[in-house]
Amino acid sequence: MNSEILVKGIVLACVPQGEYGKRIVILSDTLGKITVFASGAAKQTSKIIGAVRPMTAAEFTLGEGRGAKSIHGISVMDAFDEISTDPETAFYGMYFLELADYFGTEGMAEEDAKQMLNLLFLALTALRKKELSPETIRRMFELRMLVHEGLYTEASGTDDASAEALWKYTLASPLSRLFDAEMVRPVLSSAEFSDAVKHLMNREVPVKFRAASLLNLFAV
């Protein structure tokens, strides 16, 4: 009998595999980014058909077989339905998943995997709360992801004091307080902070993300 493992994670992508199966990419807490398979997940009678959508946070019971991992069970912790059903936040949420997919790798150190997973979960939670603008959350998420990858600068490179303050807060804040509106509002800047992060992203991540192309419709 194949052994089973339990991981916590967020679904980054889900695509058809065969007639009724699904190939699912998960950012997990102990294995980093992994690809797993769920046979029969596309059937209307499947018990997990609604649990493998992108943005779903869950505990996954995985089994190993024929060199690939498969899903044996799912316990959903949060589906972030409020994000996916709102046009504006849905694009931001999908972009966050794309960025995590880009930086996430299989076999990441467990500490790194947990930090990236927590960052993604907290960013999605902040989107749902709507206490900060989606654009502010996006740029803070991007900058903190670059910090995680060691691709950042200590200063914003702007002369705007507010932008510099938010930049430093994003670099140094405990992850659990990163999107705390009460902490962020006193240093909240306008376009200067967004422009500084955008410049750094363009320099360090020269990739065209599908969801990002739609965010200009909502960015302020």
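This is a predicted model: local features need pLDDT of at least 70, side-chain atom pairs count only at pLDDT 80 or more; totals for chains, interfaces and linings use all residues.
Me: How are helix H2 and helix H3 oriented, roughly parallel or roughly antiparallel?
Reply: Helix H2 covers residues 87-103 and helix H3 covers residues 110-129. They pack at an angle of about 175°, with their axes 10 Å apart. Angles over 145 degrees count as roughly antiparallel. Therefore H2 is, relative to H3, roughly antiparallel.

Me: What distance does helix H5 reach from its first C-alpha to its last?
Reply: Helix H5 runs over residues 161-172 and has 12 residues. At 1.5 Å a residue, the expected reach is 16 Å. The model comes close to that, with a reach of 16 Å.

Me: Which residue's backbone nitrogen does a side-chain oxygen of aspartate 160 reach at the start of H5?
Reply: The two atoms are within 3.2 Å of each other. A polar contact requires a pair of N or O atoms within 3.5 Å. The backbone nitrogen belongs to serine 162.

Me: Which helices are included in what covers the buried residues of H5?
Reply: The buried residues of H5 are Ala163, Glu164, Leu166, Trp167, Tyr169, Thr170 and Leu171. Their cover includes helix H4 (134-149), helix H6 (181-184) and helix H7 (191-204). The names asked for are H4, H6 and H7.

Me: Is threonine 170 buried or exposed?
Reply: Threonine 170 is in helix H5 and touches Met140, Leu143, Arg144, Leu178 and Phe193, leaving aside residues up to four places away in sequence. Its relative accessibility is 0%, so threonine 170 counts as buried.

Me: Which residue's backbone oxygen does the side chain of threonine 170 reach?
Reply: In an α-helix there are 3.6 residues a turn, so residues three or four places apart point the same way. The side chain of threonine 170 comes to 2.8 Å from a backbone oxygen, that of leucine 166.

Me: How far apart in space are leucine 171 and glutamate 154?
Reply: Leucine 171 lies in helix H5 and is buried, with a relative accessible area of 16%. Beyond residues up to four places away in sequence, leucine 171 touches Leu143, Arg144, Val147, Tyr152, Thr153 and Glu154. Leucine 171 and glutamate 154 are 17 residues apart in sequence, and their C-alpha to C-alpha distance is 7.9 Å.

Key:
Residues are numbered from 1 along each chain as its sequence is written. Side-chain values use heavy atoms; hydrogens and water are left out. Axes are lines fitted to C-alpha atoms, for helices over the stretch in contact, and angles run from 0 to 180 degrees between N-to-C directions. Helices (H or I, at least four residues) and strands (E, at least two) are DSSP runs, numbered from the N terminus. Angles under 35 degrees count as roughly parallel, over 145 as roughly antiparallel, 65 to 115 as roughly perpendicular and the rest as oblique. The expected span of a helix is 1.5 Å times one less than its number of residues. Buried means under 20% relative accessible area, exposed over 50%, partly exposed in between (1.4 Å probe, protein chains only). Contact means heavy atoms within 4.5 Å. A polar contact is a pair of N or O atoms within 3.5 Å; within protein, one must be able to donate a hydrogen and the other to accept it, and residues adjacent in sequence count only if both atoms are side-chain atoms.
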